[in-house]
Amino acid sequence: MRTRLHFLRFEFKYVLPGDLRREVERELGYFMQLDPFVGDRPDRRYFVRSLYYDGPTFAHYFEKVDGELHRGKFRLRTYTAHAGDGTAAFLELKGRHDAMVFKHRAQLTRGAGSGFTVGEAGGADAVLARVQTGDVASRFRFAAERRMLRPVMLVDYERRPYVSKYDPEFRLTFDDNLRATPTESLFPDPSTSSRRVLPGFTIMEVKFRHHVPAWFHRVLQGHGLRRQSVSKICKAMEAWRLSPHMEF
């Protein structure tokens, strides 16, 4: 899959129950089309897996919950549940500057032994031994030492992507079947316990650079949709009650 290494944009999120999701998706078909990437995929979706890092005090979690306007978090991201199948993996730094969302990523190298194996811990040293050198790797090294980062939670989901028929910079995704697994591995043993997150609901994400088109405002108003500050990793951590101070 072709992916961008860096971006700065707005991202709005909405949480939809199943029936409403189907209504909204049907109406969006007048203005948006499926991303060609999923044209030949089953159910027009692709799989997303992210292994998130945090410190012993869960600082990244509480920065999000407290609404910090300048924050960032690290994760490993890939698009497969199967170790060693050749799918690319990335180290990502994703965060927020005021209202804008940014993401910077560096690809893990493809040399012999570079792929994570089942059950292998994705600690900082293991990542730094594989990731391309550069700004993302340097920031990760510094943050891992300063905040004692470690992998804490694996988040999986299925994504159906759409792009506007009129503006390629306006994109929308439906994320379903979220699952959370407390693990230090990008590919945990299949017997590792996981839990569903927001069962029966879909997270709709809207991504754009400049403005939301008028037709989308009408869709939102017609269905009474309101933006929500929802985070997949925060919901995943809450599902497992990783800290007694987390919100539920």
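Trainee: Which residues are buried in α6?
Mentor: This is a predicted model, keep that in mind. In α6, the buried residues are K232, I233, C234, A236, M237 and E238.

Trainee: What does that say about the helix as a whole?
Mentor: Helix α6 spans residues 232–239, and six of its eight residues are buried. So the rest of the structure largely encloses it.

Trainee: What covers those buried residues of α6?
Mentor: The cover includes strands β3, β4, β7, β8 and β10, plus helix α2 (59–65).

Trainee: And what follows α6?
Mentor: R241 does, with a positive phi near 50 degrees.

Trainee: New topic, α5. Which residues are buried there?
Mentor: W215, F216, V219 and L220 are buried in α5, which covers residues 214–223.

Trainee: Why do they line one face of the helix?
Mentor: Look down the axis of α5. The buried residues fall within an arc of 145 degrees, so they line one face. There is a general rule behind such patterns. An α-helix has 3.6 residues a turn, so residues three or four places apart point the same way.

Trainee: Which residues are exposed on the other side of α5?
Mentor: R218, Q221 and G222 are exposed there.

Trainee: What covers the buried face of α5?
Mentor: Among the elements covering its buried residues are α1 (18–28), β1 (6–17) and β2 (32–34). β7 (150–164), β8 (171–181) and β10 (201–208) also take part. Just after α5 comes G224, with a positive phi of about 65 degrees.

Trainee: β1 came up. How many of its residues are buried?
Mentor: Nine of its 12 residues are buried, so to speak mostly covered.

Trainee: Which sense does β1 pair in with β10, and over how many bridges?
Mentor: Antiparallel, over eight bridges. In that pairing K13 stands opposite E205 of β10. β1 also pairs with β6 in the antiparallel sense, over four bridges. There H6 has H104 as its bridge partner.

Trainee: Now the largest nonpolar core. How many residues are in it?
Mentor: It has 25 residues. Those with the most contacts inside it are Y53, F74, L76, L91, F116 and F140.

Trainee: Which elements give two or more residues to this core?
Mentor: β3 (46–54), β4 (70–78), β5 (89–97), β6 (100–107), α3 (124–128) and α4 (135–147). The largest share, five residues, comes from α4.

Trainee: What is L91 in contact with, beyond its sequence neighbours?
Mentor: Leaving aside neighbours within four places, its contacts include F74, L76, H104, V127, V136 and F140.

Trainee: What does the second core include?
Mentor: It is separate and has 24 residues, including V197, I203, V230 and A236. A236 is also one of the buried residues in α6.

Technical notes. Residues numbered from 1 in each chain as written. Predicted model: local features only at pLDDT ≥ 70, side-chain atom pairs only at ≥ 80, totals over all residues. Heavy atoms only, no water. Core = buried A, V, L, I, M, F, W, Y, C linked by side-chain atoms within 4.5 Å. Buried < 20%, exposed > 50% of the residue type's maximum accessible area, 1.4 Å probe, protein only. Contact = heavy atoms within 4.5 Å. Arc of directions from axis to C-beta. Pairing = 2+ DSSP bridges.
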